[in-house]
Amino acid sequence: MIRILPIIRCSWPAACRVLSVLAGLSLAACQQAPVKLPEDDLVRQAREWRKKDGMKTARDRLLVSLEKMDAGGGALEKRLLRANADKQFAFADSMAGLTPAQRQRTGIYFLCGFHTATDLSKRVAVNVVESLRAQGWHARLIDLKPHETVQQDAQRVQLAMEKELPQVDRALIAGFSKGGLDWMQWFSHEAAKLPARERAKVRLMVSFAGVLRGSMVADWLYRGWPPFAHTTRQYVRLFDQHGRKVIEDVRSVSQDPWMQDPAPSLREIAPDLRVISLVAVPNGPNGYPQAHFGFQVLSRLVAAQWRWVGPLDGMTESASQVLPPGSGVEQHLVRVLGSHALLDGRYLNGAAVSSAFTKKHAEQSQGGKELLDDLLRSLPRAWVMR
């Protein structure tokens with residue numbers, strides 16, 4: 001996420017009151033009519049719950065709905081909690097049991113999120129890839145340029161996959177935040193250019209708080225009116241040397257690929273594909289993220305001005321991290337209470353997603369390795385093997 005928030009030098013309750021008052025000054029001008037979605041779309045349902053019963057109740061109902069939507073009845077989430085609780089334990093049928101030869105022929109390809117001033121997400125991903133390579137996996141971090149649109153990212157992904165897929169027998173693709181949207185754009189506009197035998201190698205996609213349906217916070221930043229969204233845009237344009245590119249990037253992240261033409265054709269591109277989404281759900285008592293101050297502020301600003309949005313993790317609606325109805329792909333969902341950072345969150349049993357990440361400072365960049373290790377000891381190898 002871009003560093004866009006001013007430092008608020010007062011207590012958080014006082015800051016919230018100030019933000020609410022200021023946001024309310026422009027509510028009439030800021031309300032944007034949401035796109036009409038099908039009745040069974042979770043994004044639409046979460047928005048309706050919020051409008052009717054408030055953010056907290058909407059968040060609680062969303063947690064229940066996510067469990068019901070899981071293709072395996074919550075089995076993967078239970079397996080992950082088991083692996084998380086015992087770092088020496090691995091399910092007998094898990095990917096952790098692949099032989100060195102099988103690992104060498106299994107591609108694991110990562111895409112990072114929105115480029116930031118600190119670029120912590122990239123350092124986390126670099127450490128994860130290095131750890132996987134040391135364990136014998138054919139792991140790669142696909143290098144993307146800062147502040148390019150999802151369309152430009154997808155073109156770079158295509159070039160990488162043209163080179164990489166012939167080197168492996170099977171592939172797992174993974175994306176954090178914007179990286180999830182980049183993969184959706186790749187499925188929509190680029191992947192069909194690959195030979196069918198190469199596309200068929202993509203068996204599993206893992207989305208870490210992935211913006212699979214576009215980011216409502218990005219939409220607000222791009223279209224919102226004064227005082228906050230408009231001021232942020234003006235500041236970026238005037239004082240960031242890459243201001244125009246940043247704003248165009250934000251615009252691209254705001255768009256729901258499933259509302260575009262063509263929409264992602266996941267099953268047609270990768271016939272054996274399964275999707276796993278670790279969904280970041282706000283953890284605060286009022287239905288807003290509490291684990292990360294910046295994401296808490298953003299969520300409250302957006303929700304105050306656009307009173308129809310559903311529960312937000314600080315960058316996107318939690319429901320937008322799930323594939324829409326009719327995607328044709330089996331999806332397995334893991335619920336994480338926290339913020340869009342995901343690694344700062346906790347599973348529903350209270351266990352930390354990443355104990356290293358919660359320690360802050362230098363150890364934060366090591367936080368992703370714990371989560372990936374837990375996943376590999378949980379994921380059924382049959383999901384990637386034939």
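This is a predicted model: local features need pLDDT of at least 70, side-chain atom pairs count only at pLDDT 80 or more; totals for chains, interfaces and linings use all residues.
1. Glycine 175 stands opposite serine 207 in β4, and isoleucine 173 has methionine 205 of that strand opposite it. These residues belong to the pairing of β3 (residues 170–176) with β4 (residues 202–208), two strands that run parallel and are joined by six bridges.

2. Residues are numbered from 1 along each chain as its sequence is written, and side-chain values use heavy atoms, with hydrogens and water left out.

3. On its other pairing, β3 meets β1 in the parallel sense, again over six bridges, and tyrosine 109 is the residue that stands opposite isoleucine 173 of β3. Six of the seven residues of β3 are buried, so this strand is largely enclosed by the rest of the structure; buried here means under 20% relative accessible area, exposed means over 50%, and partly exposed lies in between, with a 1.4 Å probe and protein chains only.

4. The sheet as a whole is open and mixed in its pairing, and its seven strands follow the order β2-β1-β3-β4-β5-β6-β7. At its edges are β2 (138–141) and β7 (346–347), each of which pairs on one side only. Helix α4 (residues 55–69) packs on the sheet and touches β5 (274–282) and β6 (330–338), with its direction at about 150° to that of β6. Helix α7 (residues 120–134) also packs on the sheet, where it touches β1 (106–111), β2 and β3, and its direction makes about 165° with that of β2. Contact in this sense requires heavy atoms within 4.5 Å; the axes are lines fitted to C-alpha atoms, for helices over the stretch in contact, and the angles run from 0 to 180 degrees between N-to-C directions.

5. The structure holds 28 salt bridges, each defined as a side-chain nitrogen of Lys or Arg within 4 Å of a carboxyl oxygen of Asp or Glu. One of them joins arginine 44 to glutamate 48, with the closest N and O atoms 3.0 Å apart. The two residues are four apart in helix α3 (residues 42–53) and are therefore separated by about one helical turn. Arginine 44 is buried, with a relative accessible area of 16%, whereas glutamate 48 counts as partly exposed at 37%.

6. A second salt bridge, between lysine 87 and aspartate 374, has its closest N and O atoms 2.9 Å apart. This pair links distant parts of the chain, since lysine 87 lies in the loop between α5 (75–85) and α6 (100–104) and aspartate 374 lies in helix α16 (residues 367–376), 287 residues apart. Lysine 87 counts as partly exposed at 33% relative accessibility, but aspartate 374, at 0%, counts as buried. Both residues take part in a network of salt bridges that links Lys87, Glu370, Asp373, Asp374 and Arg377.

7. Arginine 105 and aspartate 169 likewise form a salt bridge, the closest N and O atoms being 3.0 Å apart. Here too distant parts of the chain are linked, with arginine 105 in the loop between α6 and β1 and aspartate 169 in the loop between α8 (150–164) and β3, 64 residues apart. Arginine 105 is partly exposed, with a relative accessible area of 32%, and aspartate 169 is partly exposed at 34%.

8. Some backbone details can be checked by the reader in the model. A cis peptide bond, with omega of about 0°, joins aspartate 261 and proline 262, and proline 262 lies in the loop between α13 (243–253) and α14 (266–269). Alanine 209 has a positive phi of about 50° although it is not a glycine; this residue is placed in the loop between β4 and α11 (216–223) and is buried, at 0% relative accessible area. Leucine 342, also not a glycine, has a positive phi of about 65°; leucine 342 lies in the loop between β6 and β7 and is buried, with a relative accessible area of 2%.

Note on methods. Two strands pair if DSSP finds at least two bridges between them.
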